[in-house]
2 protein chains.
Amino acid sequence: MTDLTFTPIPDIPIVRPGDDLGALIATAAGAAGLALQNDDVLVVTQKVVSKAENRFVCLRDVTPSRRALDLAGTTGKDPRLLEVILWDTAEVVRVRRDLIIVEHRLGFVCANAGVDHSNVGPEDDLVLRLPADPDESARRLRARLCELTGAAPAVIVNDSHGRPWREGTEGVAIGLAGLVPVQDLRGHPDLFGYRLRHTTVGFADQIAAAASLVMGQTDEGWPVVLVRGLVYEPGENVSARQILRPRERDLFR
Amino acid sequence: MTDLTFTPIPDIPIVRPGDDLGALIATAAGAAGLALQNDDVLVVTQKVVSKAENRFVCLRDVTPSRRALDLAGTTGKDPRLLEVILWDTAEVVRVRRDLIIVEHRLGFVCANAGVDHSNVGPEDDLVLRLPADPDESARRLRARLCELTGAAPAVIVNDSHGRPWREGTEGVAIGLAGLVPVQDLRGHPDLFGYRLRHTTVGFADQIAAAASLVMGQTDEGWPVVLVRGLVYEPGENVSARQILRPRERDLFR
């Protein structure tokens with residue numbers, strides 16, 4: 001076992017709509033003397049992906065629906081923000097004062113449908129939605145990096161989610177390419193030859209969480225982290241949806 | 001920002017009841033040329049802590065209670081194992097065929113109250129309970145390492161827990177010493193000067209998850225991971241209980 005290393009790629013500029021994120025990363029990695037390799041994993045915060053894909057919404061252009069106005073009454077949040085949240089919502093899961101937790105139409109459960117009001121820009125009326133298809137974003141970024149550098153590292157798009165039972169957000173994978181996200185240890189013999197039963201590991205989420213330690217919560221300047229020394233199962237037909245527990249097997253909804 | 005590095009400490013022998021875990025770690029780290037430092041974090045899997053503390057139970061010595069027999073009917077599990085699980089249970093949260101999820105008397109929610117039937121030994125009747133007080137285990141280990149090496153790294157005792165909504169277990173901190181486990185970013189200005197609101201980060205859990213990537217699920221030979229390059233808030237009056245969400249603020253119980 002070698003060391004597992006998380007290296008922030010330095011000097012990535014502030015990302016703007018239309019930017020070629022792959023080129024920004026390849027250039028910054030090259031300037032830092034970090035030659036990407038096929039067995040690397042690159043973790044990219046959703047925020048820079050969303051910015052490059054221009055997922056900004058100006059709240060001044062949003063007319064809240066009846067439902068958004070109702071939710072504004074309960075939560076105390078801006079009804080226009082709630083309208084944007086509802087665009088990306090499959091189902092509202094919990095609503096309280098100052099809080100709305102939804103099942104995102106991408107399938108995961110999170111606060112505010114991932115719509116972000118901080119670190120977005122000097123415009124107070126600007127919010128940022130998640131990438132429309134984070135798996136596709138990861139695949140495109142991976143292909144672009146391969147085009148520019150010859151190497152195709154696995155790519156994880158991460159975000160910070162709250163969770164039941166425990167305090168504090170944790171990095172999770174919301175999109176990915178090139179790596180199998182859940183490791184299945186069922187049937188592998190353990191140290192004494194017994195069979196491990198029912199053990200699957202949230203592998204991609206653990207990588208996403210680790211990268212969040214490096215990014216810091218405000219991701220000021222460290223939106224991309226290079227992970228080196230990880231043995232992972234490569235995969236092409238993969239999706240962050242594979243991490244989602246099917247509703248019928250979820251006891252906590 | 002420097003690299004964040006996770007290094008497994010090699011050649012830790014199989015831990016047996018009564019072993020001096022601090023001495024085993026200090027010796028193995030020294031032999032590997034890894035000089036512990038005050039700003040390191042050491043992540044130790046609960047299994048070796050439990051083994052050193054002789055938290056083994058032989059199921060042949062256990063007489064199941066009425067409640068354990070009832071739960072055996074529902075789950076299909078060994079009633080003696082359920083009796084041991086009940087010893088460490090504050091409240092049964094969910095019961096299904098092949099599944100029991102409880103609030104452990106230490107406060108966290110997990111399957112089987114953390115009682116482990118795999119990787120325990122050649123005796124099929126042997127199970128392993130969690131350390132009686134994982135915070136105290138972490139504090140003792142930290143003090144012992146300081147005694148032996150002069151350095152007092154922060155210590156996290158981790159375990160792998162399942163979670164709602166998402167597939168796969170993830171490493172979490174169940175005991176700790178020397179580091180503040182939840183980072184509070186509330187009120188820190190973000191990149192554009194806004195105030196981040198309600199943002200706390202599950203810092204210790206993210207470290208525990210990252211270390212689990214290195215340990216592997218079966219922890220064969222990598223039960224201790226040295227984390228270097230992490231900026232953390234040191235703390236003395238700390239506990240993994242600080243990670244637990246108070247029940248009245250938990251919407252998913």
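B:Ser160 stands opposite B:Gly171 in S9 of chain B. This is a predicted model, in which local features need pLDDT of at least 70 and side-chain atom pairs count only at pLDDT 80 or more, while totals for chains, interfaces and linings use all residues. Residues are numbered from 1 along each chain as its sequence is written, and chains are lettered from A and ligands numbered from 1 in the order in which they are written.

Some terms before I go on. Helices (H or I, at least four residues) and strands (E, at least two) are DSSP runs, numbered from the N terminus. Two strands pair if DSSP finds at least two bridges between them.

Back to that pair of strands. Strand S8 of chain B, residues 154-161, and S9 of chain B are paired antiparallel over seven bridges. Further along, B:Ile156 is opposite B:Leu176 in S9(B). On S9(B) there is also a pairing with strand S13 of chain B, residues 234-235, antiparallel and with two bridges. There, B:Gly178 faces B:Gly235 of S13(B) across the pairing, standing opposite to that residue.

S8(B) also pairs with strand S2 of chain B, residues 41-45, this time in the parallel sense, over five bridges. In that pairing B:Val43 stands opposite B:Ile156 of S8(B).

How covered are these strands? For burial I use this count: a residue is buried if 20 or more other C-beta atoms lie within 10 Å of its own, exposed if 12 or fewer, and partly exposed in between, with C-beta atoms placed from the backbone. By that count eight of the eight residues of S8(B) are buried. On one side these are B:Ala154, B:Ile156, B:Asn158 and B:Ser160, and on the other B:Val155, B:Val157, B:Asp159 and B:His161. In S9(B), residues 170-179, ten of ten residues are buried.

Now the whole sheet. It is open, has twelve strands with mixed pairing, and its order is S13(A)-S9(A)-S8(A)-S2(A)-S12(A)-S1(A)-S1(B)-S12(B)-S2(B)-S8(B)-S9(B)-S13(B). S13 of chain A and S13 of chain B stand at the edges with a single partner strand each, so one side of each has no neighbour in the sheet. In chain A, strand S2, residues 41-45, and S8(A) run parallel and are joined by five bridges. The bridge partner of A:Val41 in S8(A) is A:Ala154.

Next, the core. A nonpolar core here is a set of buried Ala, Val, Leu, Ile, Met, Phe, Trp, Tyr and Cys residues joined through C-beta atoms within 7 Å. The largest one has 136 residues, and A:Ile156, A:Leu176, A:Ile207, B:Ile156, B:Leu176 and B:Ile207 touch the most other members. What is A:Ile207 in contact with, leaving aside its neighbours within four places in sequence? The residues are A:Val41, A:Val43, A:Ile156, A:Val227 and B:Leu213, where contact means that the C-beta atoms of two residues, placed from the backbone, lie within 7 Å.

Moving to the domains of chain A. Domain 1 takes 5-55 + 130-246 and domain 2 takes 56-128; such bounds come from an automatic or database domain assignment. Their C-alpha centres lie 25 Å apart. Across the boundary, 15 residues of domain 1 are in contact with eleven residues of domain 2 in chain A. Helix H2 (46-52) and strand S8 (154-161) of chain A each supply at least two residues of the domain 1 side. H2(A) gives the most to that side, with three residues.

There is also an open sheet of three strands in chain A, ordered S4-S5-S6 with antiparallel pairing. S4 (89-96) and S6 (109-111) of chain A are its edges, each with a single partner strand, so one side of each is left without a neighbour in the sheet. S4(A) and S5(A), residues 99-104, pair antiparallel over six bridges. Within that pairing, A:Val92 has A:Val102 of S5(A) as its bridge partner.

Last, a helix in chain B. H4(B), residues 79-87, is largely enclosed by the rest of the structure, because seven of its nine residues are buried. Those buried are B:Pro79, B:Arg80, B:Leu81, B:Leu82, B:Glu83, B:Val84 and B:Ile85. Their cover includes strand S3 (56-58), helix H3 (66-75), strand S4 (89-96), strand S5 (99-104) and strand S7 (126-128) of chain B.
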